[in-house]
Amino acid sequence: MSQKSVCVYCGSRNGVNPAYSAAAQSFGTLLAKEGWRLVYGAGDVGLMGEVARAAQASDGDTFGVIPVHLLQREVGKTDLTRFVVTETMHERKKVMIMNADAVVVLPGGPGSLDELFEALTWRQLGLHDKPILVMNVDGYWDALHTLLEQLIGQCFADASLAEFITWVTTPEAAMSELRRLLN
């Protein structure tokens, strides 16, 4: 059986709730202990840094992808198993999702939303069939869930859109769902 890879989209900041950092750390550790590779944005700041350092501390395989213009801003984490520098954000997102078997979204900002919506749109268009999980730590993504329901309710998206996202609240629940969806 080949190694599974999970693309994690999350904030380049930690946010105000310590539960966000704890979830990122726990998820990085769980991925490593499962023997799965972390694919992420290659930053050493915010939740990105938390998830990567936790995976590394548990001897996990880490694959980071960062555009050249963010090397300083996101403090490119060059001690990863694999470190890729791209020219553009679009190329970064493409390399990340193409090198993963699933996507997990932790708390984050506009960049995380951009990544999620691109992955979701590509799934809706049939460009991939990878599972997409949203980790709704302490209700962080409640408004997003409501917005997606509104898009469907107002007929701006097909009802099948709701089936493309698996909602979880903890790293343990995410791992359980990933095991189910990827095996």
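In what order do the seven strands of the open sheet lie, and is the pairing parallel or antiparallel?

Reply: The order is S4-S3-S2-S1-S5-S6-S7, and the seven strands of this open sheet pair in parallel. The model is predicted, so local features need pLDDT of at least 70 and side-chain atom pairs count only at pLDDT 80 or more, whereas totals for chains, interfaces and linings use all residues. Residues are numbered from 1 along each chain as its sequence is written, and side-chain values use heavy atoms, without hydrogens or water.

Strands here are DSSP runs of E with at least two residues, and helices are runs of H or I with at least four, numbered from the N terminus; two strands pair if DSSP finds at least two bridges between them. At the edges stand S4 (82-86) and S7 (165-168); each has a single partner strand, so one side of each lacks a neighbour in the sheet. On average, neighbouring strands are turned by 20° against each other, direction ignored (axes are fitted to C-alpha atoms, for helices over the stretch in contact, with angles from 0 to 180 degrees between N-to-C directions).

Within the sheet, S2 (residues 37-40) and S3 (residues 62-67) run parallel and are joined by three bridges. Here Tyr40 stands opposite Gly64 in S3.
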